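Please look through the following structure from its overall fold down to individual side chains.

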Amino acid sequence: MESIIVTAAFGSPWQLIIIALLIILIFGTKKLRSLGSDLGESLKGFKKAMSDDDAAKAAKEEQEKQDADFATKNITEQQATEKKDSPVESKNKEQG
């Protein structure tokens, strides 16, 4: 079944070989080689730009996460710290 689909879409292998030979005769191997290398460089540049964009987006998200100057704490740690640093409680202890 797959061979029928491939044959219908691209023709027979002999037709593809003839088309490839005609393209080589028309454009020449040097032109095709430079075209292939240019295409390869374009794809590399595109992939690099996409990875740079992803890295920049990740750095921006990380910066947004660390926007404040303090570390995150859970509620019990925060309450314990507030009790230690509370000026009202320290005054009460001094007076009482």
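How are α2 and α3 oriented to each other? In this predicted model, where local features need pLDDT of at least 70, side-chain atom pairs count only at pLDDT 80 or more, and totals for chains, interfaces and linings use all residues, α2 and α3 are roughly perpendicular to each other, a term that covers angles of 65 to 115 degrees. They pack at an angle of about 100°, with their axes 6 Å apart, the axes being lines fitted to C-alpha atoms over the stretch in contact and the angle running from 0 to 180 degrees between N-to-C directions. The contact (heavy atoms within 4.5 Å) is made by I23, I24 and F27 of α2 together with T29, K31 and L32 of α3. Residues are numbered from 1 along each chain as its sequence is written, and side-chain values use heavy atoms, with hydrogens and water left out.

The protein chain as a whole has five helices and zero strands, where helices (H or I, at least four residues) and strands (E, at least two) are DSSP runs numbered from the N terminus. Of its 96 residues, 2% are buried, meaning under 20% relative accessible area, whereas exposed means over 50% and partly exposed lies in between (1.4 Å probe, protein chains only). The accessible surface of the chain comes to about 9300 Å², of which 62% belongs to carbon and sulfur atoms, as given by the Shrake-Rupley method with a 1.4 Å probe.

Helix α2 spans residues 13-27 and includes I26, which counts as exposed at 64% relative accessibility. I26 also belongs to a nonpolar surface patch of about 820 Å², whose other members include L16, I19 and L22; patch residues have over 30% relative accessible area and no salt bridge, and nonpolar side chains (Val, Leu, Ile, Met, Phe, Trp, Tyr) are joined within 5 Å, like charges within 9 Å.

In helix α3 (residues 29-65), D52 and K48 lie four residues apart, about one turn of the helix. They form a salt bridge with their closest N and O atoms 3.5 Å apart, the rule being a side-chain nitrogen of Lys or Arg within 4 Å of a carboxyl oxygen of Asp or Glu. D52 is partly exposed at 42%, while K48 is exposed at 53%.

Notes: Parallel < 35°, antiparallel > 145°, perpendicular 65-115°, else oblique.
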